Amino acid sequence: MFSLSYFLQQSMNGVILGCIYALLALGMTVVYGILRLINFAHGALITLGAFFIYFVFFRLGFPFVASVFLVLGFGGLMGLVLDFVAYRKLRGGPEVALLITSLGFYTFIENFTKLLVSPQPYAFKTPAFLATLYRTPFLTFRTVDIFIILSSLLIMVAFHLFVKRTKMGIAMRATAENLEVANLMGIEVNRVISVAFILGSAIAAFTGFLWGAKYGQISYDMGFLTGVKAFVAVVVGGVGSIPGAMLGGFVLGLAEVLSIAFLPTRFAEYRDGIVFAILILVLLVRPSGIMGMREEVRV
């Protein structure tokens with residue numbers, strides 16, 4: 001029989017995993033909302049961010065705060081380069097061309113990272129000040145768990161305010177609504193798209209650090225499945241909806257962890273299958289996602 005403390009512990013683990021999925025889903029949903037692009041290369045930025053902070057913080061000995069800002073800047077720069085090199089010339093062309101390009105760039109970055117570092121996974125040691133263990137009657141957690149939850153919530157709130165309250169955020173929403181009309185209204189569409197890539201990529205790179213600090217291991221191929229699950233979170237929450245993407249991330253994280261915790265042990269290897277089963281179920285019941293709006297067809 002499962003105890004209350006076991007349920008609370010697994011729920012907390014699910015929330016932490018959900019935070020990671022939600023952060024990744026944020027960047028993906030903004031880019032998808034504007035370009036209708038499933039950006040597979042977004043997953044590669046998790047890998048790059050994780051290895052970047054590994055070398056800057058652990059190998060070169062930079063202060064932690066400086067390392068965090070550096071990884072955010074590195075992620076943003078990579079997003080800008082990705083937009084400029086991979087996608088800008090293809091805008092206005094078939095959507096499938098963007099999709100294939102994103103898959104190609106993911107494969108290139110993954111193989112380049114494999115060549116540069118190693119095919120073997122790296123042990124990622126949690127910084128000492130984030131490794132303190134706390135025990136309560138119901139929960140056992142480390143400082144890094146609280147750090148992941150608080151930093152994720154802070155980023156989500158800041159991103160929400162940015163999109164709702166700033167001129168660039170409003171321009172971003174207008175471009176996502178109708179790119180051609182936004183262009184006619186004088187909005188610098190290329191600039192807006194670049195900002196979307198920079199913000200989403202910076203968050204993805206930071207998420208790479210959170211993943212390594214929580215699970216203690218990073219590898220050259222860690223980004224693919226994680227990125228795909230983040231996109232599943234986008235679809236589950238509602239494509240184009242920022243709150244929906246965050247909600248989808250939490251739903252996915254909780255479902256993945258709780259299904260492993262409460263189903264018989266032999267089902268543990270099917271955790272990825274459970275995630276995609278949830279996607280199919282949501283699409284059957286509500287095709288536009290939990291918080292998505294049905295798009296009107298104009299004739």
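Okay, so M28, N39, F40, H42, G43, Y106, G223, F224, G227, V228 and F231 line the largest cavity, lining meaning an atom within 4 Å of a cavity point. By cavity I mean a set of points on a 1 Å grid over the protein atoms alone where a 1.4 Å probe fits but cannot get out.

Quick caveats: this is a predicted model, where local features need pLDDT of at least 70 and side-chain atom pairs 80 or more, while totals for chains, interfaces and linings use all residues. Numbering runs from 1 along each chain as its sequence is written, and side-chain values use heavy atoms, with hydrogens and water left out.

Back to the hole. Helix α9 (223-237) and α2 (41-59) each supply at least two lining residues, with α9 giving the largest share, five. The lining splits into six nonpolar, five polar (Gly counts as polar) and no charged residues.

Now, the rings. How many aromatic pairs are there in the whole structure? The search finds 25, pairing rings of Phe, Tyr and Trp with centres within 6.5 Å. F7 and F262 make a tilted one, at 6.2 Å and 50 degrees between planes; under 30 would be stacked, over 60 edge-to-face. F7 sits in α1 (residues 4-35) and F262 in α10 (residues 242-262), so the pair ties together parts 255 residues apart in sequence. F7 is partly exposed at 40% relative accessibility, the class between buried (under 20%) and exposed (over 50%).

Terms used. Phe/Tyr/Trp six-rings, centres within 6.5 Å; stacked < 30°, edge-to-face > 60°. Helix = DSSP H or I, 4+ residues; strand = E, 2+ residues; numbered from the N terminus. Buried < 20%, exposed > 50% of the residue type's maximum accessible area, 1.4 Å probe, protein only. 1 Å grid on protein atoms, 1.4 Å probe; cavity = no way out; pocket = protein on both sides within 12 Å on 5 of 7 lines; lining within 4 Å.
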